[in-house]
Amino acid sequence: MKRLSLLLISIVLSITSFAQIQRKVFGCTLGTSTYNQVEKILETNYENPWFDGSRTMLGFDNIEYGGYTWHKVTFKFYKKVLYSVTLEGSNFATRQDFSGLESDLRSRYSQYRTSGGYDDGTVVIKTSFFENPEHNYKSAKIVYEYKPFTKKKEAENNSAW
């Protein structure tokens, strides 16, 4: 009986210790936090959040997160539950500036690497870097998405046409 109990405890501990992509961004949990909860978190912890009239999007401008300054952060909702957080920054001087962040993601989530970013079946992270040398413009973008809601939104959009 003791062995069986120890075996069950070790199985439970090993299952819960598997590294997955973190669902919590800015103190809000993808797929769980409601619009009202996110609104309260942003108002309490961050300066000057903005809200759209449709109650489908929240955000703020010029915030430091993960060691980078992002000029725009947007929170999107599906049926009043957080499904996406997008961080956009145009303060990257070169691709090398963004490569440190990409390297951090790669070391944390290498087992979930896909051609478009990272995907653990529940959370998807997409990264991109854009450079327009003609206008000396460089920007980076990271999108965290709760995959079950993304699939539902896509299905609803496809059925609307």
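A: Let's start at Phe26. Leaving out residues up to four places away in sequence, Phe26 touches Ile41, Tyr46, Phe60, Ile63, Tyr65, Val73, Phe75, Val85 and Leu87. Keep in mind that this is a predicted model.

Now zoom out a bit. Phe26 is one of the residues with the most contacts inside the largest nonpolar core, along with Trp70, Val73, Phe75, Val85 and Tyr144. That core has 36 residues. Which elements give two or more residues to it? They are helix H2 (35-45), strand E4 (57-65), strand E5 (68-78), strand E6 (81-89), helix H3 (95-109), strand E9 (123-132) and strand E10. Strand E5 gives the largest share of the core, six residues.

Next, follow strand E10, which covers residues 137-146. Ser139 lies in this strand. Is Ser139 buried or exposed? Its relative accessibility is 12%, and buried means under 20%, so Ser139 counts as buried. Setting aside neighbours within four places in sequence, Ser139 is in contact with Gly89, Ser90, Ser128, Phe129 and Phe130.

Now for the largest pocket. It holds about 260 Å³ of space. There are 15 lining residues, and the closest to the pocket's centre are Tyr65, Gly66, Leu101, Arg108 and Tyr144. You've met two of these names already: Tyr65 is among the residues that Phe26 touches, and Tyr144 is among those with the most contacts inside the largest core. The elements that give two or more residues to the lining are strand E1 (24-25), E5, H3 and E10. Here the largest share, five residues, comes from H3. By type, the lining divides into ten nonpolar, two polar and three charged residues.

Finally, here's the whole chain. It has four helices and ten strands, and from the N terminus on the elements run α-β-β-α-β-β-β-β-α-β-β-β-β-α. There are 161 residues in the chain, and buried ones make up 35% of them. If you take contacts between residues at least 6 apart in sequence, 47% of them join residues at least 24 apart. The accessible surface of the chain comes to about 10,200 Å², and 51% of that belongs to carbon and sulfur atoms.

Definitions and conventions:
Residues are numbered from 1 along each chain as its sequence is written. This is a predicted model: local features need pLDDT of at least 70, side-chain atom pairs count only at pLDDT 80 or more; totals for chains, interfaces and linings use all residues. Side-chain values use heavy atoms; hydrogens and water are left out. Buried means under 20% relative accessible area, exposed over 50%, partly exposed in between (1.4 Å probe, protein chains only). Contact means heavy atoms within 4.5 Å. A nonpolar core is a set of buried Ala, Val, Leu, Ile, Met, Phe, Trp, Tyr and Cys residues joined through side-chain atoms within 4.5 Å. Accessible areas come from the Shrake-Rupley method with a 1.4 Å probe; for residues, only the protein chains shown count as cover. On a 1 Å grid over the protein atoms alone, a cavity is a set of points where a 1.4 Å probe fits but cannot get out, and a pocket is an open set with protein on both sides within 12 Å along at least five of seven lines; lining residues have an atom within 4 Å of a point. Grid points are joined across faces, edges and corners, and a volume is the space filled by probe spheres set on the points. Ala, Val, Leu, Ile, Met, Phe, Trp, Tyr, Cys and Pro count as nonpolar, Asp, Glu, Lys and Arg as charged, and the others, Gly among them, as polar.
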